[in-house]
Amino acid sequence: MAAVNDGGGVGGVTKGVNSGVAPATYGQGDRPPRGDYASARADYTCEQDWGRYTAEDHALYQRLYERQAAQLPGLACEEFIDAVGQLGTPTQIPRFDALSQRLHRATGWEVVAVPGLIPEEAFFALLAARRFPVTGWIRKPEEFDYVVEPDVFHDLFGHVPLLFNPMFADYMQAYGAGGLKASRLQSCEYLARLYWYTVEFGLIATPAGLRAYGAGILSSAGELRHSVTSPQPQRLAFDLERIMRTRYKIDSYQATYFVIDSFEQLFRATAPDFTPLYEAVSQRDEVAAEATLPGDRVLGL
Ligand code: PHE
Ligand code: CO
């Protein structure tokens, strides 16, 4: 999410199809509308309609991009930094079709436009098909620091660079397939926590130190530095069952971050069938976002 949390885009915590309510017209001109579900296809994808972005839209994207790009060294993981240039020139909102061509050559993924948050089943189905849904509209200038739901800046800048990484790209597809299964097992809530604590707010331990790989962190003006360097939040070693039990904050910085050692570790740890795990988690108490349990592997800075 933008400055803080994207309550969604994220499998599982979608707010529902009609949540993208906003005045039909704001700013002047014909900017891509916020939450235009009526024009979407059955799979919730829509046209990006690039020509509708205004000069102000492109300028806002550039300001957002440059503020984040300046903070990446020493805080974002190398895989992200290496790929962020693939988004194209920072001076304008990328054309999804051109970006998809580059991405497809790298990992077989493409990006597709959506009107906003979409139902979780539709979200999972797109990921399973290696199609990443990217919100078409961009926030208003007043929302420079914080927007309550994902916009094109969060979705593109936060999520797309790591889709150029083969291991992470495979993880995202597996997550989508796992989501379709979790829906059948009524366990989406647990799987959504995994998305939240990895894809959105994940940290990775590297030889150079702690770094961010989660999109909610990487697209946030303040949380990037906070998550990697502040002594305040708790950082725990990645633990799949612990994550599935743990609630999360949607309106403030995270109280707890989970730290992986590598994308390979993440991919392997999540490869087994989750069916028995969902059952086990359902038998145990939920854990508050800020709690520390006996047995937790707490990491220092
Ligand atoms: N292995 C998971 C399952 O069986 C699928 C999955 C993979 C989920 C990767 C999330 C991430 O449900
Ligand atoms: Co997101």
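**Figure 1. Aromatic pairs in the predicted model, with Tyr61 and Tyr65 in close-up.** This predicted model holds 19 aromatic pairs. In the pair shown, the ring centres of Tyr61 and Tyr65 lie 6.0 Å apart and the ring planes meet at 50°, so the pair is classed as tilted. An angle under 30 degrees would have counted as stacked and one over 60 as edge-to-face. Tyr61 and Tyr65 are four residues apart in helix H1 (residues 55-71), a separation of about one helical turn. An α-helix has 3.6 residues a turn, so residues three or four places apart point the same way. Tyr61 is buried, at 0% relative accessibility, and Tyr65 is likewise buried, with a relative accessible area of 7%. Ring pairs extend the arrangement into a cluster that links Tyr61, Tyr65, Phe80, Phe153 and Phe157.

**Figure 2. Two arginine side chains and the ring of Phe144.** The charged end of Arg63 sits over the ring of Phe144, at 4.1 Å from the ring centre. The charged end of Arg67 also sits over the ring of Phe144, at 3.9 Å from the centre.

Figure 3. Eight of the eight residues of helix H5 (residues 152-159) are buried, and the helix is described as mostly covered. The buried set contains Val152, Phe153, His154, Asp155, Leu156, Phe157, Gly158 and His159. Phe153 and Phe157 also belong to the aromatic cluster of Tyr61, Tyr65 and Phe80. Which elements cover the buried residues of H5? The cover includes H1, helix H2 (78-84), helix H3 (96-107), strand E2 (131-135), H7 and helix H8 (215-218).

**Figure 4. Helix H7 and the largest nonpolar core.** The largest nonpolar core has 85 residues, and those with the most contacts inside it are Phe80, Phe132, Val160, Met172, Leu194 and Tyr213. Helix H7 (residues 188-200) supplies the largest share of this core, namely nine residues. In soluble globular proteins, nonpolar side chains tend to be buried together. Twelve of the 13 residues of H7 are buried, so the helix is largely enclosed by the rest of the structure. Leu194, beyond residues up to four places away in sequence, touches Tyr171, Tyr175, Val199, Phe238, Leu240, Ile243, Thr270 and Phe274.

**Figure 5. The four-stranded open sheet.** The strands follow the order E4-E3-E6-E5, with mixed pairing. Strand E4 (209-212) and strand E5 (234-237) form the edges, each pairing on one side only. From one strand to the next, the twist averages 35°. Strand E3 (residues 203-206) and strand E6 (residues 256-260) pair in the parallel sense over two bridges. Strands of a sheet pair through backbone hydrogen bonds, either parallel or antiparallel.

Figure 6. Val259 is found in strand E6, where Leu203 stands opposite it. Is Val259 buried or exposed? With a relative accessible area of 4%, Val259 is buried. Val259 and Leu236 are 23 residues apart in sequence, yet their C-alpha atoms are 6.0 Å apart in space. With neighbours within four places in sequence left aside, the contacts of Val259 are Leu203, Ile204, Ala205, Leu210, Arg235, Leu236, Ala237, Phe238 and Leu299. Phe238 is also one of the residues touched by Leu194.

**Figure 7. Parallel strands E1 and E2.** Strand E1 (residues 110-114) is mostly covered, with four of its five residues buried. E1 and E2 run parallel and are joined by five bridges. Within this pairing, Glu110 stands opposite Arg131 in E2.

**Figure 8. Two loop residues with positive phi.** Arg130 is found in the loop between helix H4 (120-128) and E2. The phi of Arg130 is near 55°, a positive value in a residue other than glycine. Gln186, in the loop between helix H6 (166-184) and H7, likewise has a phi near 55°. Arg130 is buried, with a relative accessible area of 16%, whereas Gln186 counts as exposed, at 74% relative accessibility. The cut-offs behind these two labels are under 20% for buried and over 50% for exposed.

How values were computed. Residues are numbered from 1 along each chain as its sequence is written. Chains are lettered from A and ligands numbered from 1 in the order in which they are written. This is a predicted model: local features need pLDDT of at least 70, side-chain atom pairs count only at pLDDT 80 or more; totals for chains, interfaces and linings use all residues. Side-chain values use heavy atoms; hydrogens and water are left out. Two strands pair if DSSP finds at least two bridges between them. Axes are lines fitted to C-alpha atoms, for helices over the stretch in contact, and angles run from 0 to 180 degrees between N-to-C directions. A nonpolar core is a set of buried Ala, Val, Leu, Ile, Met, Phe, Trp, Tyr and Cys residues joined through side-chain atoms within 4.5 Å. Buried means under 20% relative accessible area, exposed over 50%, partly exposed in between (1.4 Å probe, protein chains only). Contact means heavy atoms within 4.5 Å. Rings of Phe, Tyr and Trp (its six-membered ring) pair if their centres lie within 6.5 Å; planes under 30 degrees apart count as stacked, over 60 as edge-to-face and the rest as tilted. A charge sits over a ring if NZ of Lys or CZ of Arg is within 6 Å of the ring centre and within 35 degrees of the ring normal.
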